[in-house]
Amino acid sequence: MSERKLDFTKGKVEVLTLDELKQTHVVNYPNGKPIGDIYHYDMIQFILTELEEKNIPYQVNEIFAVDNIMKGRNGVMIAKEQEEQYGVGSLESHILNRVFANIGLFDDQSYNLAVSYTQQGIMVGFGPFVYACHNQTICLADHLVCNYGVRGMRKLEPKDRDLQIFMNNVHQKMDLVLPAYEEDLRMVEEMKDFAMETPQILQFIGALDTRRVLSDSTDKDIKQTGIYPIQDKDIHRLIEVLERDRLFGGCTAYALMQAANFYCKPGYAPFHTLLPQSLMIFNGLKSYMQKGEFDFYLEEP
């Protein structure tokens, strides 16, 4: 029995090691399978094994569990029988249904891989400044794969939920880590050097609002499918921030991205849209730098 105790009553987040995660209690759905047909520690271990086999240097920076209320299965649940056997707060009595991992790649603090294992399903993303925050935001993932439907991405077929197919998709995505690394960091550096003047910033705001209006439209002839980067009230907030911080007079594409990305987090957007929305902002600015237009795409264009 581990001496480590968990207490989610003081806060909704607890940091664990992979070994500690393996000691927690696991349960299955009525179909006899866990979330995504794989346990959280096995999913994280699969990622680590993939990195080792591809000779990609990595460091597990953090694994943490988050409590939340969800009908039928909360983020954290207690197995009463195990609690009686191992004691209150024991690892062995905790059922963790909402687990995140941050894995640094290439000994580079700015390039990371994040794993999200929640009641909705599993999502893996990597890229520059990718990080699963304790508020459950996953920031700026440039490459992602998941086994549940995300609005704006291609429709998830029933077969895509199959564990073996999902793991194959993760494996294929991991093959992109090495070739993408230098390209992703080059793009971030270009964003830091790319000057956005007042007309371009206003065009960015207009493109955000246009995407939002057309996505919300009830006119079937013009309605666009999928999500949009940020919602109406947050576009208003972004305008106020840009004015307050005097960025309308000119700023870098990177500063504009950071300002807009602030609203891709809990409290401003639903959890399941956080990563896709953040990626859309990144891609929108990236496409402007490359093609002169704001294309807020999710899939590769």
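Visitor: How do the residues of the lining of the largest cavity divide into nonpolar, polar and charged?
Guide: The model is a predicted one. The lining of its largest cavity includes Val26, Val27, Pro34, Ile35 and Leu96, together with His25, His40, Asn97 and Arg73. Sorted by class, the lining residues come to eight nonpolar, three polar and one charged.

Visitor: What volume does the largest cavity have?
Guide: The structure contains two cavities of 30 Å³ or more. For the largest cavity, the computed volume is about 70 Å³.

Visitor: How are helices H6 and H7 oriented to each other?
Guide: Helix H6 covers residues 198–216 and helix H7 covers residues 232–244; their axes come within 10 Å and cross at roughly 170°. Angles over 145 degrees count as roughly antiparallel. H6 and H7 are therefore roughly antiparallel.

Visitor: Which residues of H7 make the contact with H6?
Guide: From H6, the contact involves Ile201, Phe204, Ile205, Leu208, Asp209 and Arg212. The residues of this contact divide into eight nonpolar, no polar and three charged. On the side of H7, the residues are Asp232, Ile235, Leu238, Ile239 and Leu242.

Visitor: How are helices H5 and H8 oriented to each other?
Guide: The axes of H5 (residues 177–193) and H8 (residues 253–261) come within 5 Å and cross at roughly 100°. An angle of 65 to 115 degrees counts as roughly perpendicular. H5 and H8 are therefore roughly perpendicular.

Visitor: How many charged residues does the contact of H5 with H8 have?
Guide: Val188, Met191 and Lys192 in H5 meet Ala253, Tyr254 and Met257 in H8. Of the residues in this contact, five are nonpolar and none is polar, and the number of charged residues is one.

Visitor: Which kind of pair do the rings of Tyr111 and Tyr181 form?
Guide: The count of aromatic pairs comes to 11. Tyr111 lies in strand E6 and Tyr181 in helix H5, so their pair ties together parts that are 70 residues apart in sequence. The ring centres are 4.9 Å apart and the planes stand at 80°, so the pair is edge-to-face.

Technical notes: Residues numbered from 1 in each chain as written. Predicted model: local features only at pLDDT ≥ 70, side-chain atom pairs only at ≥ 80, totals over all residues. Heavy atoms only, no water. Axes fitted to C-alpha atoms, helices over the stretch in contact; angles between N-to-C directions. Helix = DSSP H or I, 4+ residues; strand = E, 2+ residues; numbered from the N terminus. Parallel < 35°, antiparallel > 145°, perpendicular 65-115°, else oblique. Contact = heavy atoms within 4.5 Å. Nonpolar A, V, L, I, M, F, W, Y, C, P; charged D, E, K, R; others polar. 1 Å grid on protein atoms, 1.4 Å probe; cavity = no way out; pocket = protein on both sides within 12 Å on 5 of 7 lines; lining within 4 Å. Points joined across faces, edges and corners; volume = space filled by probe spheres on them. Phe/Tyr/Trp six-rings, centres within 6.5 Å; stacked < 30°, edge-to-face > 60°.
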